[in-house]
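Hi,

Here is the structure I said I would send over.

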Amino acid sequence: MRSEYNEELLKIKEEILLMSTITEKMLSDSVFALNSKDVELAKTVIDRDDLVDAKEIELQLVVSKIIATQGPVATDLRRLASTYKIITNLERIADLAVNISKRVIELAEEVYMKPLIDIPLECELAEKLLKLSIQAFISEDISRLREVVDLENEIDDTNEAINSECMAYMMKDTKNIHQGTVFCLIGGYLERIGDHATNIFETVFYIVTGDYIDFNDLDEQTISEILGLEQTQK
Amino acid sequence: MDKIKFDTKSLDLFYGDFQALKSINIKICENEVTAFIGPSGCGKSTFLRCLNRMNDLIDSVKMKGEIIFDDKDINGDIDVINLRTRVGMVFQKPNPFPMSIYDNIAYGPKCQGLKDKRKLDTLVKESLTKAALWEEVKDRLNKSALGLSGGQQQRLCIARTIAMNPEVILMDEPTSALDPIATAKIEDLMSSLKKDYTIIIVTHSMQQAGRISDKTAFFLMGEIVEFDETPKIFTNPNDKRTEDYITGRFG
C-alpha cells in the first residue's frame, strides 16, 4: 500500500547516500591533497561543494513536499524530520572539507615542518565514523553505537595530540607558528567533522527509538543498557 | 491526577453471534478530547454508542462488562433519559429539526419543562455563543434551521447538545460531511469546549485526531490495540499495527 509514498521515502535515502558519498570523497581528497600538496585536487574539492549545497536544497524541498502532501506520522515522520538534520550535517562536513582544501592552497609553497601523521589518522577516523553513521541511517540499525562513541573519543584524543605537537614545534621555532596554527585548525576541522558524523548517528538513534540522547553523556553502563534493549526489541 | 469520567472494564459486545467489541478496558478523563481511530468496522462507533446506551435501540445487542460513568455502571439500574442528557451526541450528518434555529435549541429544554421565555432566550444565546454560531444567526433566529450551511447546521447540532447542559459530548465523525473551513471551525470549537465538557470523537482523519485530541485510542477488529497520549501515538506508537494503520500501510 502507498507504493508511490514508499518510493519517495526510499528515493530520499538513496539521495542522502549519494550526498554522503560525495562528501566522504571530498573529505578524503582534501586531506590527501594536504599530504601530497596537490593544489589541483584541493581546487576540485572546493568546486564539488556546489554539488553538495544543491543536493541539500533539493532534498529540503522534496521533504517539505512530502510533509505537505502525505501527512507523515510515526516512523515516517521521524525519518523525514531527521532528513533535515542529516543533510545539514553533511553540508557542514563538506564545508569543512572545503576549509581544509583552502589551507592546502595556502601552504602549497611551503616545506612542512614535519611529516603529517596524526592529521591523516584523524581524517581516517572521521571518515570511518561518517561511513558508520550513514550505514546506520540506511539500515536503521544502532547496534554499532559503542564503536561510534569510541571513534569520537579517538578523534578528540588525536586532535589533542595534534595541538600539543604543533604547540611544541611552534615553541621550538617561531617560524613554525603559521604552519603550526594551520595544522591545529585542520585538526579542529576534522574534530568538528567527527561531531557532525556523531550528530547523524544521534539522529538515527531518534529514528529508531523515538528518543534523543547526547552521546557526550553516555557512560559504559548506559551503552550496555541501550544495546541490550535494542537486542531484546529485535 | 485527572478525574476519570468513564471507566470501561472488560466490555464485550455482541450483535447476535458476532462479537463487535472484545474486552475493552479504557479510562477516559474529564475535560479532555479523546479520539477513537481505526478502520471501518473496527468497533469504534459501536463503543461510542455504548457510552450513552444508544445500542439499546438495537434488539440483537448483548453486552458484558462494566462502563462506570462517574460512580455508576451505566448498564445497571439507571435512568437512560438522564444518562443521554448528561452524555450528549453529535452525529456524522448534521440533523437539525425542521423548525426554526431558536426552536432547535429550545426544544430539548422545553421538553424538560423549562417554560420561562427569558430563561429560554438566555439559554439559546449562551448555547449558540458557545458553539461559535451566535454572531452568524442572531438576526435570523426564527428562520428555518434547514436554510443554514452544512457547517452551520453541525454547529447548531452542537449548540442543541450544549443546551441540555451535558457533561460529555460524543461526536461520531462530526466533520466528515463538511468542507475544510467548516471543519476548522468545529475543531476550534472542540478545543474551546473541552474546558467545560469531556469530548469523545470518532474520526477517520488522522490529522484531525492529531490536531484536536489529547489522547487517542486505536481500535482494530473490536479491540483497543493502543491507547496513549496523542503526540506519542503519532510520533512513536508502541504497536506495529498502530504504526501500519496511521501511516496508511494497513492492508
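Let me start with E165(A): its relative accessible area is 29%, which makes it partly exposed. On the scale used here, buried is under 20% relative accessible area, exposed is over 50%, and partly exposed lies in between (1.4 Å probe, protein chains only).

Before the rest, some housekeeping. This is a predicted model, in which local features need pLDDT of at least 70 and side-chain atom pairs count only at pLDDT 80 or more, while totals for chains, interfaces and linings use all residues. Residues are numbered from 1 along each chain as its sequence is written, chains are lettered from A and ligands numbered from 1 in the order in which they are written, and side-chain values use heavy atoms, with hydrogens and water left out.

On confidence, the predictor gives the complex an ipTM of 0.71 and a pTM of 0.82. Chain B has a mean pLDDT of 94, with 99% of its residues at 70 or more (pLDDT being the predictor's confidence in each residue, from 0 to 100).

Now the annotations. UniProt has "domain: PhoU" (unreviewed entry) on residues 16–104 and 123–203 of chain A, and "domain: ABC transporter" (unreviewed entry) on residues 6–246 of chain B. Those positions are in the numbering used here, the feature names are shortened, and annotations may be inferred rather than shown by experiment.

In chain A, residues 16–104 are 94% helix and 0% strand, with the end C-alpha atoms 28 Å apart. Residues 123–203 of chain A come out at 89% helix and 0% strand, with 22 Å between the end C-alpha atoms. Residues 6–246 of chain B are 38% helix and 27% strand, and there the end C-alpha atoms are 25 Å apart. Helices (H or I, at least four residues) and strands (E, at least two) are DSSP runs, numbered from the N terminus.

Back to E165(A). Its side chain meets that of K114(A) in a salt bridge, 3.5 Å from N to O. K114(A) sits in the loop between α3 and α4 of chain A and E165(A) in helix α5, so this pair links distant parts of the chain, 51 residues apart. K114(A) is buried, at 12% relative accessibility. A salt bridge here is a side-chain nitrogen of Lys or Arg within 4 Å of a carboxyl oxygen of Asp or Glu.

Over all chains the structure holds 35 salt bridges. Another one in chain A joins E140(A) and K13(A), with the closest N and O atoms 3.3 Å apart. E140(A) is in the loop between α4 (118–139) and α5 (145–172), K13(A) is in helix α1, and 127 residues separate the two. K13(A) is buried as well, at 16% relative accessibility.

Helix α1 (residues 3–36) of chain A also holds E24(A), which is buried at 14%. Leaving aside neighbours within four places in sequence, E24(A) is in contact (heavy atoms within 4.5 Å) with L130(A) and K131(A).

In chain B, R86(B) and D70(B) form a salt bridge whose closest N and O atoms are 2.9 Å apart. R86(B) is in helix α2 (residues 80–86) and D70(B) in the loop between β4 (61–69) and β5 (72–73), so the bridge ties together parts 16 residues apart in sequence. R86(B) is partly exposed at 26%, and D70(B) is partly exposed at 21%.

Chain A contributes 14 residues to the contact and chain B twelve residues.

How many salt bridges cross between chain A and chain B? The count is one: D76(A) with R249(B), at 2.7 Å from N to O. On the chain A side, α1 and α3 (74–106) each supply at least two residues that touch chain B, and α3(A) gives the largest share, five residues.

Cheers
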